[in-house]
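Dear colleague,

Please find the structure below. A short account of the findings follows it.

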Amino acid sequence: MPIHEKSLIRPENLVTHENLEIDGVNVSGHWSTFIESRAVTDYNEAMEEEIGALPGGEFIHRCWQCGSCTNSCTVNAINPDFNPRYWIYLTRLGMESELLRDKDIIWQCVSCNKCTYACPRDVNPEGVMKALSHWLELKGHTPTSPSMHFDEEFAEQVFDTGRIEEGRIIRGFFARTGQPLLQDWLVEMGKRLLRHLPLKMLAVMGLGSVIRPRTRGWAGARAAIAQYVTERRAADRRALGLGGERK
Ligand code: SF4
Ligand code: SF4
């Protein structure tokens with residue numbers, strides 16, 4: 001299926017003739033805008049299969065390019081370059097080098113799932129975005145993204161205690177990503193919480209961030225989850241033809 005959006009054609013691939021006359025008709029400027037022909041020789045024919053093998057990417061083959069995901073996308077509304085439909089298109093064609101041009105924004109999906117609810121084909125575009133980010137990291141195209149750091153901090157806390165505590169997650173996330181703890185938005189959120197939340201709830205939250213409460217009898221579940229995660233990571237690496245363990 002062809003790409004219709006002019007915005008998706010890289011400026012360097014557009015050519016405009018300032019002075020051009022064809023059969024006596026002046027078609028200078030905007031009227032003579034052409035797309036440069038190009039030869040693509042580096043298809044990754046396994047790309048759809050690789051994304052389909054990662055969690056979230058299983059149904060990418062169902063996409064019929066209707067664009068509902070991009071139309072409903074929260075991030076696309078503020079950054080038109082964030083385009084799930086287009087990336088699914090590139091993945092299915094195996095146009096890896098084209099996709100890599102957007103590698104620094106693909107991870108910005110905020111997992112709101114609006115695309116997933118809009119998709120008429122149950123592709124789970126949010127899952128595909130996650131699979132694409134994961135694929136980029138596993139293949140070494142991008143460093144661990146902030147969203148992956150957050151997921152890992154969240155998951156490790158659940159493995160460890162069987163619970164989550166928001167204050168510790170934020171602290172851990174900032175530590176992993178080298179951010180200062182005192183940030184304007186966080187201070188403002190703290191002030192509002194103090195103003196609006198009941199004292200008892202604030203006390204429970206404060207205690208939770210200090211004493212690390214644990215779920216009773218969690219050891220068995222932790223072992224089962226750890227085994228699953230190990231197996232899943234190994235399967236992901238096998239699907240992408242990578243050896244060894246993730247660092
Ligand atoms: S889940 Fe991600 S891709 Fe889907 S609408 Fe939200 S931000 Fe966009
Ligand atoms: S909404 Fe679904 S079918 Fe339509 S382009 Fe997006 S992923 Fe494909």
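Predicted model: local features only at pLDDT ≥ 70, side-chain atom pairs only at ≥ 80, totals over all residues.

Residues are numbered from 1 along each chain as its sequence is written, chains are lettered from A and ligands numbered from 1 in the order in which they are written, and side-chain values use heavy atoms, with hydrogens and water left out.

Ligand 2 is surrounded by 14 residues (a heavy atom within 4 Å), the closest being C63, C66, G67, C69 and C119. Nine of the shell residues are nonpolar, three polar and two charged (nonpolar: Ala, Val, Leu, Ile, Met, Phe, Trp, Tyr, Cys and Pro; charged: Asp, Glu, Lys and Arg; polar: the others, Gly among them). Helix 2 (68–72) and helix 3 (84–93) each contribute at least two residues to this shell (helices are DSSP runs of H or I, at least four residues, numbered from the N terminus).

Helix 3 also meets helix 7 (residues 125–138), their axes coming within 11 Å and crossing at roughly 60 degrees (axes are lines fitted to C-alpha atoms over the stretch in contact, with angles from 0 to 180 degrees between N-to-C directions). In this contact (heavy atoms within 4.5 Å), P84, W87, I88 and T91 of helix 3 face V128, M129 and L132 of helix 7. Six of these residues are nonpolar, one is polar and none is charged.

The axes of helix 8 (residues 146–161) and helix 12 (residues 219–239) come within 9 Å and cross at roughly 145 degrees. Here E152, F159 and D160 of helix 8 meet R222, I225, V229 and R233 of helix 12; three of the contact residues are nonpolar, none polar and four charged.

With kind regards
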